[in-house]
Amino acid sequence: MAPTKKRNVSSKSNAKRDKIDLEGVVERILESRKHANDVFDILEFLQSEKEEDVFCAVNACCKLFCTLLERKDLFIGKLPGEDASLNGGHSAEMKYKIFMRHRYNSCVEIMLEHLNHETHEVKESALCCLMKFAEGQGQHPLEDLDWSEHFSFPRELIQAVVHNLLSQSSDNSLLISRFQEFLEMEDVRYYVISSIRENVATVMEKNKGAVLLVYQSNVFILMSNINMPSQNSELTNFMVKQEAKHEDWKAAKLNDHKRAFERMWLSFLKYKLPNSMYKKVLVILHESILPHMSKPTLMIDFLTAAYDVGGAISLLALNGLFVLIHQHNLDYPDFYKKLYNLLEPSVFHVKYRARFFHLANLFLSSSHLPVYLVAAFAKRLARLALSAPPTALLIVLPFIYNLIRRHPSCRVLIHKPTLEDELLEDPYVMEEEDPALCHALDSSLWEIKTLQRHYHPDVAKAAMLINTPLSEQEDDISEVLEITAYELMERDLKLSQGKGAPLEFETATHLLKGGGEVLGQHFCLV
């Protein structure tokens, strides 16, 4: 940072007076160049320990330097040193522009430091000011180039902003959410995406790929706040409008946006992530990432690795794999074997249970699946049902019935003839990981028969359906995927609060009043 001239500032001055003073300083500087040295007062306030002083100084700097950019009163081109400019043969006007350009650079550096300030309000104020500087530099470039052949955009300033947003020590999620407003501009989004990729590569290589929880969390929050356009016609909102060849600018092309977006995510996901981060990525992958990549199949390695992790991460990886298999013809070996092994008791209790059964239903909807495979899934679900909660059983039972409807050959699991002297031993091997070797077709769905004596009447009623011929119409499991124990209990309580039993059609009102005539009329009516 260029050295700043220190001046005494009265500690007794209040924030209101400071604001008035700084506004006056800005007006004097803009009115006459002879007051140029007063800019040091503003920079001194900008480095104050008082938040009120900093706010006033940020507003003053924003007004001052945005006006100077618009007037083109800042030096344009490769900036010479201040000492060299004083000793050289520059004109008074040029010396002024060099001087103010150095002050502008100092202001930008202080603003960037304030992005890591303790107070969020100071961070937000500095961020908004820096983005106004970026807009000003885009419209009035500080580089001496032929703009008919080059594209004007403050890349270095945007890179510096991104670098400070992606802190390794402090959680900047709140500040990043404020930055989302600027990501709606096409050119800002494009260069932010490029800056993120470069920053991730630099930081992660420097730390040898180690997990950096705070840093990676900031990176993910910033990347997940990027809303990608889906059509070229949507690219209309630009911070900087190029004077020539705007249509040739990469920031104005959807395909270049997609390629940059793809490289950004791939560079982030190639490094080790915390388990919680895997879940966050997988939750948004199928909707917010894959549709906006130029080559979604490049995510195969990440998704297969996540699918092999097990537990909730594997369940979440199903969404992305489903997109690649159905839309991009991914050939995934042993997919159904791994899906079969995801069926464990914990699957009924995880947060993503509804999503898992929805996808499993889609994967098992094909009528071309081998019978042994479908029977293995039906049998495994039936065995797990013995220890499942009622909310899960209301999903599992219709799920099994739908499998049998789609594959009539599996009806053998229901109608299994047995001899009276046959040993009551189930040939199904629950511990076998390969569905082809678990002997499901040699077994039966006796577990559903057991569930007919379940304590919950809805479960017992659903299990009773297996005693009757199954209809051809499949059950719609989407209605019960999201049901909770609380909702189930509330429904049961409402059913138990039925209408009161009718005691009389018409209430007797004069039974104990009056004489025998009324009493006799009453008995005659009866």
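In the predicted model, D73 has a relative accessible area of 11% and therefore counts as buried. The side chain of D73 meets that of R33 in a salt bridge, with an N to O distance of 3.4 Å. R33 is located in the loop between α1 (15-31) and α2 (39-46), while D73 belongs to the loop between α3 (51-71) and α4 (82-87), so the bridge ties together parts of the chain that are 40 residues apart in sequence.

A second salt bridge is formed by E93 and K97, whose closest N and O atoms are 3.6 Å apart. Both residues lie within helix α5 (residues 92-114), where a spacing of four residues corresponds to about one turn of the helix. E93 is partly exposed, with a relative accessible area of 41%. K97, by contrast, has a value of 18%; because the limit for a buried residue is under 20%, K97 is classed as buried. The residues R33, D73, E93 and K97 are linked in a network of salt bridges.

In the whole structure, the search finds 16 salt bridges. Another of them joins the side chains of R406 and E474, at 2.9 Å from N to O. R406 is part of helix α18 and E474 is part of the loop between α20 (457-464) and α21 (485-496), so this pair ties together parts that are 68 residues apart in sequence. R406 is buried, with a relative accessibility of 14%, whereas E474 reaches 33% and counts as partly exposed.

Aromatic rings were examined next. A pair of such rings is described by the distance of the centres and the angle of the planes. The count comes to 22 aromatic pairs. In one of these, the ring centres of F153 and W249 are 6.3 Å apart and the planes stand at 50°, so the arrangement is tilted. The pair links distant parts of the chain, 96 residues apart: F153 is in the loop between α6 (120-139) and α7 (155-165), and W249 is in the loop between α10 and α11. Both F153 and W249 are buried. These two residues also belong to a cluster, linked by ring pairs, that includes Y190, Y191 and F238.

Leaving aside residues up to four places away in sequence, H257 touches E186, R189, Y190, M228, L235, K250 and A251. H257 itself is found in helix α11 (residues 254-269). Its relative accessibility is 0%, and H257 therefore counts as buried.

On the surface, V211, L213 and V214 form a nonpolar patch, with about 220 Å² of accessible area together. V214 has its place in helix α10 (residues 213-224). With a relative accessibility of 31%, V214 counts as partly exposed.

Backbone geometry was considered as well. Most residues other than glycine have a negative phi. K208, which is not a glycine, has a positive phi near 55°. K208 is found in the loop between α9 (186-206) and α10, and is exposed, with a relative accessible area of 79%. H439 also has a positive phi, of about 60°, although H439 is not a glycine. The place of H439 is in the loop between α18 (390-406) and α19 (446-451). At 41% relative accessible area, H439 is partly exposed.

The mean pLDDT of the protein chain is 84, and 86% of the residues reach 70 or more. Over residues 1-20, however, the pLDDT is below 50, and this stretch has 32 contacts in the model beyond near neighbours in sequence. The pLDDT is also below 50 over residues 515-526, a stretch with five contacts beyond near neighbours in sequence. Where pLDDT is low, the predicted coordinates should not be read in detail.

Key: Residues are numbered from 1 along each chain as its sequence is written. This is a predicted model: local features need pLDDT of at least 70, side-chain atom pairs count only at pLDDT 80 or more; totals for chains, interfaces and linings use all residues. Side-chain values use heavy atoms; hydrogens and water are left out. Patches are made of residues with over 30% relative accessible area and no salt bridge: like charges are joined within 9 Å, nonpolar side chains (Val, Leu, Ile, Met, Phe, Trp, Tyr) within 5 Å. Accessible areas come from the Shrake-Rupley method with a 1.4 Å probe; for residues, only the protein chains shown count as cover. A salt bridge is a side-chain nitrogen of Lys or Arg within 4 Å of a carboxyl oxygen of Asp or Glu. Helices (H or I, at least four residues) and strands (E, at least two) are DSSP runs, numbered from the N terminus. Buried means under 20% relative accessible area, exposed over 50%, partly exposed in between (1.4 Å probe, protein chains only). Contact means heavy atoms within 4.5 Å. pLDDT is the predictor's confidence in each residue, from 0 to 100. Rings of Phe, Tyr and Trp (its six-membered ring) pair if their centres lie within 6.5 Å; planes under 30 degrees apart count as stacked, over 60 as edge-to-face and the rest as tilted.
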